[in-house]
Amino acid sequence: MSGVSSDMRGASYNGAASPQDQIAGDYRSAHNERWGNSMGSLLAKAAAALFSCCLFMAVQAQETTVSSPDIPVREIQVAAESFSRGDKVPAWVEHMDIPATSRKDPLVLRLWDTQFRAGDAPTYYVNRAEQINESTEVARAGQLAIDFVPQYQKLHLHSLRILRGKEVLDQTTSVQVRFLQRELGMEQGVYSGSVNAVLLVTDLRVGDTLQYTYSIDGANPVFAGVYAQDAGWDSPWPVELRSVVLNHPAQQRVDWKMLGDAGGSEIRPVATESGGWRKLKFSQRGYTAPDGDNWIPPDFIAYRQLQFSGHESWNSVARWASSLFPPVQVPPAMQPLVDGWSRLPTAEQKAIAVLQWVQQEVRYFSVSIGENSHRPRLPADVVRDRFGDCKDKTYLLVTLLRAMGLDATPVLTSIRQPRIAPKLLPGPLIFDHILVRLRLDGRDYYLDPTMTGQAGSLARMGTMTEGAAVLPVSDDARQLEEMHWSDALARNTMQLEEQLELPAFDADGKLDAIWSWTGRDAEFMRVNLRRMSEERLRKFALSNYERRYPGIDLTAAPTLSDDVANNRYTMTAGFRLPKPVKEYPDGWVVKFVAGNLTGLYSLPQNLKRPFPALITRAPYRLRYKISIRWPAAVSVIRDPFNRRLRNAFFDYSISRNFRGNVSETEVSIDTLAESAAPEQLVELAREIQQLTTLLPQGDGVERAALKRTGFMGLGKPTLKDSIQKRLHEEIAGYDRAIASGRLKGDDLVEALCRRAETWADLGTAAKGRADAEEAVKQGPASARAWECRGHLQRDNGEFGKSIPDYTRALALGATDGAVYQARGISRFYLGNYREAQADFAQAFSAGQGKAEVVSYPMLWHGLASLRLGQQPGAELQTLARDASASAAWPKPLLGLVAGTLGEDEILQAAGRKQGDDKDMALTEAWFFVGQRRLAKGDEKGASEAFEESRKLGVTMYLEYMASGWELERLRKGGAR
């Protein structure tokens, strides 16, 4: 059918799709669909799930379009009075000549003329002439589809002609016309009454011009005679002449607006009046619109459209909508249920009970013919039939909520273009959905009765688009409002946690994976995963891993669990990985990928473009964590690694640590913007490249990390020996890399910094000073260089000199909480405890709630409080509540500093660990025991504790170095 762009768009509250089967990629405006401006594949990947119900599909006025190929159709008969052919063109129509063209594009619109007549008997007329220059366009142009609603409209086919040179082939009376109705009811629970009159043109050839004219009389009576229309202006093909004419009675109000966010020539009408009628004529000659693509955001009007509206204000639209939802009594069949719900103890419980009943007991089904495109069925009928669409279910829900004294109001919104309404003239056609605003305890909640799978409190249910425009259906509504959601990130979170067991380097691995979804993702998974057969569920679990780990097998069927109270849905599965460890000359490596982050961002192929780009779903939080237990012979000590990358588009953090034979990696990304302006795309591409370098690709161990037990246990190296050996090997590696001369720029800065910091880890920070100075010289604008020099100043005990370096690193863009923590420690040892607390609070905030990352700044924050003679702050006390002696390390230390755990409990907890992990934990434990003793005035006991911390020789630990600083201060006269 013809690919001609939409001339007029319209809408009805009927719901284009069953809510449980919809995801964001399916939501496309009629205009955008024809322009390839769908957000389909992108949000289907990035958005995991977005539900809705009511895409208003009934057509108010529509030019020739393409029927969606994935919606089945059936041929029907229409009444004789609904269609005619060969009728004369209405007398009010202004004749337009077809301009010539020399363009060689595959298809050229020589004439695109639309003329409207308002008044008591609205109608519109279309005259199009399309020149076909390539064979690829012949089949498409030869199947014309004209949308109309026979119930209240009549289609007149005035003419259909092929212009071939000087020859005119008239097919007006001979063209085959088939009337097709989309079977939305079968597929999606929607019957709209809209029909396609499909014209099958014969003998169409390359070089021909196809000209056809038709008019459609009638308008949906639900609009109560208030005029509302729009007309497309830009086209995917070149246009020689575009003309739009509006005729309306002079006393009838009709405003106009040319919509478009991408600029273009200003179009002003020529206005005339005659015989009580006013005519506005808009026209433009010889233009081509820029090419569209799949990345144009739904709320950006890339292609101009002309809007007409008889509504003087949004209040006028609200009053019209309010007339469709008059107050009614509770259906008698519902009164016993209402009485029972009314006895629930809280207003929120009442609201949730009613919402879930309407969601679960009234199935989604829409019969939206005629006025029922917008007028809801009575609640009593909905309850009797147990089906309805968004307007029906909203009417019922509002009636039930109000019966219990709750402040409930229907609100109109748009799913396809949620933030576009403020750009338009007031009118009803933009809205494609209706739901309920509940005002409760000073907060607004938006309840969608068409959703399925919702659970938990109102504050934990899934959200719709942040900032979406809504119009309250109330006589008092004066303007549009915006939907805002509390804790939007927390309600849009997906987490993948993996635990990999490696019994030996050459053995199969055991992988346990836990997927957790919250908010609207949980609601989507709750509905869809439960529908799956066991076999499909197994395939779903394996789909994320089979390419990454060829030969992977499930060891047990996936299990599903539902935390209804917190609206969290979880899937757990176990796998066997065929020999995942790869051996290399220097050691062993396991590769892994943060699978739930894959495909999060999608950029257009051409970054230089006139339109913004839809890049991801936002706000959205994705977390990934993997814990690898290596073979028992492995013993590794690595400094915790923390990095953060924050910009206008996302907030990314990664933390890594390796203790003994367990390595852990945790990453988190919060998406902050769903689209980027054209001028931002190049910078965004750079940020994504930087993000890619920070994404983990695997982990490994060196051969030197294997324990050497010696004969009969004799000659077993100590942890200190292992640390010294490994650090000297690292320095040798950096020596070779730097000496090669191949490192430049940031790579050279990083190598110099790592060598400098490794000297400090050996307890010889003075040897690293020259490298730190050289790093600043090589990268004066590098935050990493200044951070590195700050570390070396601090580790040399020059706390005052380190602070300006840390401050400079932060000014240059360092967002890692470790920089704030490091500066806070320097301020701590200068006695500036309040400034130190401020830095530790910043470090805690940057940790984004990761247990190990936030524990250390909170511990130091607590130490600063003790030095000030105060109790540790409320945040530390909160973290310490579940910090039992058996909790994961270092959480027990929070209990020590908060005073909820004693010294013996902490030392015993550290002592229960095995091997090198025990020495590492005791190094930390003795340091914090010493700090607690200092707070009690026991300097002698504190000195003993700090000495114990130093004895273990874990030189790379901050607590080892800090114990040395404390001992030096005590020797000089005590702690301040």
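User: How much of the accessible surface of the protein chain belongs to carbon and sulfur atoms?
Analyst: This is a predicted model. The accessible surface of the chain is about 39400 Å². The share from carbon and sulfur atoms is 49%.

User: What percentage of the residues of the protein chain count as buried?
Analyst: The chain has 976 residues. Its secondary structure includes 26 helices and 38 strands. The buried part of the residues comes to 59%.

User: Among contacts with a separation of 6 or more, what percentage comes from residues 24 or more positions apart?
Analyst: Take the contacts in the protein chain with a separation of 6 or more. Then pick those between residues 24 or more positions apart. Their share is 73%.

User: How many disulfides does the structure hold, and what is the distance between the sulfurs of Cys753 and Cys788?
Analyst: A disulfide needs two cysteine sulfur atoms within 2.5 Å. The nearest cysteine sulfur to Cys753 is that of Cys788, and Cys753 is in no disulfide. Cys788 is in no disulfide either. The structure holds zero disulfides, and the distance for this pair is 3.1 Å.

User: Is Cys753 buried or exposed?
Analyst: Buried means under 20% relative accessible area. Cys753 has 0%, and Cys788 also has 0%. Cys753 therefore counts as buried.

User: Which residue does a cis peptide bond join to Trp889?
Analyst: Most peptide bonds are trans. Here omega is about 10°, and the bond is cis.

User: Where is Pro619 placed?
Analyst: The peptide bond from Ala618 to Pro619 is cis, with omega near -5°. Strand S32 covers 613-614, and strand S33 covers 620-629. Pro619 is in the loop between S32 and S33.

User: What is the phi of Ala224?
Analyst: Most residues other than glycine have a negative phi. Ala224 is not a glycine, yet its phi is positive. Ala224 is in the loop between strand S11 and strand S12, and is exposed at 56% relative accessible area. Its phi is about 55°.

User: What is the relative accessible area of Arg386?
Analyst: Arg386 has a positive phi near 60°. Its place is in the loop between helix H8 and strand S20. Arg386 is partly exposed, with a relative accessible area of 35%.

User: How far apart are the end C-alpha atoms of helix H24?
Analyst: H24 has 21 residues, and 17 of them are buried. At 1.5 Å a residue, the helix should span 30 Å. The model agrees with this: the end C-alpha atoms are apart by 31 Å.

User: What type of aromatic pair do Phe116 and Phe308 form?
Analyst: A pair of aromatic rings is described by the distance of the centres and the angle of the planes. For Phe116 and Phe308 these are 5.7 Å and 65°. The pair links strand S3 and strand S17, with its residues 192 apart. Planes over 60 degrees apart give the type edge-to-face.

User: What is the pair of Phe799 and Tyr829 called, given planes at 20°?
Analyst: The ring centres are 5.5 Å apart. Phe799 is in helix H17 and Tyr829 is in helix H18. Planes under 30 degrees apart decide the type, so the pair is stacked.

User: Which ring does the charged end of Arg117 sit over?
Analyst: The charged end lies 3.7 Å from the centre of the ring. The ring belongs to Trp277.

Methods: Residues numbered from 1 in each chain as written. Predicted model: local features only at pLDDT ≥ 70, side-chain atom pairs only at ≥ 80, totals over all residues. Heavy atoms only, no water. Buried < 20%, exposed > 50% of the residue type's maximum accessible area, 1.4 Å probe, protein only. Helix = DSSP H or I, 4+ residues; strand = E, 2+ residues; numbered from the N terminus. Expected span 1.5 Å × (residues − 1). Contact = heavy atoms within 4.5 Å. Areas by Shrake-Rupley, 256 points an atom, 1.4 Å probe, with all protein chains shown as cover. Phe/Tyr/Trp six-rings, centres within 6.5 Å; stacked < 30°, edge-to-face > 60°. Lys NZ or Arg CZ within 6 Å of the ring centre and 35° of its normal.
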